[in-house]
Amino acid sequence: MASSHFSYRRDELHAEDVALSRIAEQVDTPCYVYSKAAFTAHYQAYAEALADGPHLVCYALKANSNLAVLGLLASLGAGFDIVSVGELERVLAAGGDPAQVVFSGVGKREDEMRRALAVDIKCFNVESEAELEQLARTARAMGRVARVSIRVNPDVDAGTHPYISTGLKENKFGIAIAEAERVYHHARELAGVEPVGIDCHIGSQLTELAPFIDALDRLLALYDRLTTDGITIRHLDLGGGLGVDYQGETPPSPGDYIAALRQRIGDRPLELILEPGRSIAANAGVMLTRVAYLKPGEHRSFAIVDGAMNDLIRPSLYQAWQRITAVQQRHDVDPHRWEIVGPVCESGDYLGHDRELAIAAGDLLAVHSAGAYGFVMASNYNTRPRPPEVMVDGSDIHVVRQREPLDALWAGESLLPGAAPS
Ligand SMILES: Cc1ncc(COP(=O)(O)O)c(C=O)c1O
Ligand SMILES: N[C@@H](CCCC[NH3+])C(=O)O
């Protein structure tokens, strides 16, 4: 199992000290369950490894932006990586410090820039020259100066799924490394922006160090050239991307990763910023779902569960594999190979293919490693409410997001005038 915070005791899966069947009874299924201790430990692994030099861990809240998660990480000292004004408002609502926020993303709108300038975030990670110019105009109009990093596209192969690889020249992200030096000179001359950092993010779920080191070497060469040109860069932001154990992968630990980075950076006077998302959140959560019906067949056998692609889309979208186990292990039925599928009307609606499980209708299943890119990617497809979220703290159960009431799913919609049935 990928996380020691979710473990079996007397044949039943627990989150910390809470039996997961208790949560399912209390909040119904499907639901997400997070462990406070796991979030804390995963964050501390970064903070401790970085402690001997200037640093900031900017948790990428796209991975899991529940306010309870953000509040917990803020209380531990985390900064945040945001990609929208909505994420910025979440950080502020959770008590996060805007001075520790970096703003990534290729398509920042002017109103988003204005709000981020108004609360004086730490840095904008700028992804194109057109965005740089827009940001400079917006900042000037507000009488402000925006601190910026150029997000450099270092053209390294992250060796991960094509949908989550971002640092190749065919990807939409960042400014080509060959162009970056010229853009920094442009930024230096442009009123309204001040270049203070260099940024990159090459992809997600990386399980090897080599692509990170390749990218870092290219950024350091750029840093050295800019320093020679008299452009003072204060921080290096290497993005997120460290992978996790979904299916026995053995990615480097944050400690090993950071030691390798620091060794390359040497005595350059740089604050090191990282933007981890998945490696903090994924194995701090599971999704619980209940078996509704079993449909054994000659060709394939289906376990139809109450969770679906709208609740957890990673298997359908990326063919992602996440471990699925029975919450209460039973010894009275034989294991059988099941397709774990949801009620959504799509053949691609599945949570797992060909899983050997000893289960009966009514049993609870846990989909593991669901703390990252789980709830945040949930939708209301098929007019299904998004699931509730629960945070376990020792033996305490905190419902940190209620299931959406059904009528919330059509709030804001209206019938055409005169079209109401009489
Ligand atoms: C700019 C940026 N920073 C950080 C992250 C977080 O990545 P991960 O969840 O792989 O750590 C992402 C997502 O891949 C990203 O696009
Ligand atoms: N949503 C993706 C990761 C996206 C990374 C965002 N830059 C996943 O579940 O693997």
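Good morning. Let me begin with the ligand: 15 residues surround ligand 1, and the closest are Ala 60, Ser 204, Gly 240, Gly 277 and Arg 278. By class, that shell holds 4 nonpolar, 8 polar and 3 charged residues. Please keep in mind throughout that this is a predicted model.

Leu 61 sits in the loop that links strand 5, residues 55–60, to helix 3. Is Leu 61 buried or exposed? Leu 61 is buried, because 29 other C-beta atoms lie within 10 Å, and the threshold for that term is 20 or more. Setting aside residues up to four places away in sequence, Leu 61 touches Leu 70, Phe 80, Ile 82, Glu 87, Arg 90 and Val 91. As for Arg 314, its C-alpha atom is separated from that of Leu 61 by 17 Å, with the two residues 253 apart along the chain.

I now come to the helix pairs. Two packed helices are described by the angle between their axes and the distance between the axes.

Helix 2 contributes Lys 36, Phe 39, Thr 40 and Tyr 43 to the contact, while helix 3 contributes Val 69, Leu 72 and Leu 73. In terms of class, this contact comprises 5 nonpolar residues, 1 polar and 1 charged.

The next pair is helix 5, residues 110–118, with helix 6. Here the axes come within 10 Å and cross at roughly 55°. Helix 5 and helix 6 are therefore also oblique to each other, and the crossing of this pair is right-handed. On the helix 5 side we find Glu 110, Met 113, Arg 114 and Leu 117, which meet Gln 134, Leu 135, Thr 138 and Ala 139 of helix 6. The classes in this contact are 4 nonpolar, 2 polar and 2 charged.

An α-helix has 3.6 residues a turn, so residues three or four places apart point the same way.

Thank you for your attention.

Technical notes: Residues numbered from 1 in each chain as written. Chains lettered and ligands numbered in written order. Predicted model: local features only at pLDDT ≥ 70, side-chain atom pairs only at ≥ 80, totals over all residues. Near = placed C-beta within 6 Å. Nonpolar A, V, L, I, M, F, W, Y, C, P; charged D, E, K, R; others polar. Contact = placed C-beta atoms within 7 Å. Helix = DSSP H or I, 4+ residues; strand = E, 2+ residues; numbered from the N terminus. Axes fitted to C-alpha atoms, helices over the stretch in contact; angles between N-to-C directions. Parallel < 35°, antiparallel > 145°, perpendicular 65-115°, else oblique. Left-handed = near helix turned anticlockwise from the far one by under 90°. Buried ≥ 20, exposed ≤ 12 C-beta atoms within 10 Å, placed from the backbone.
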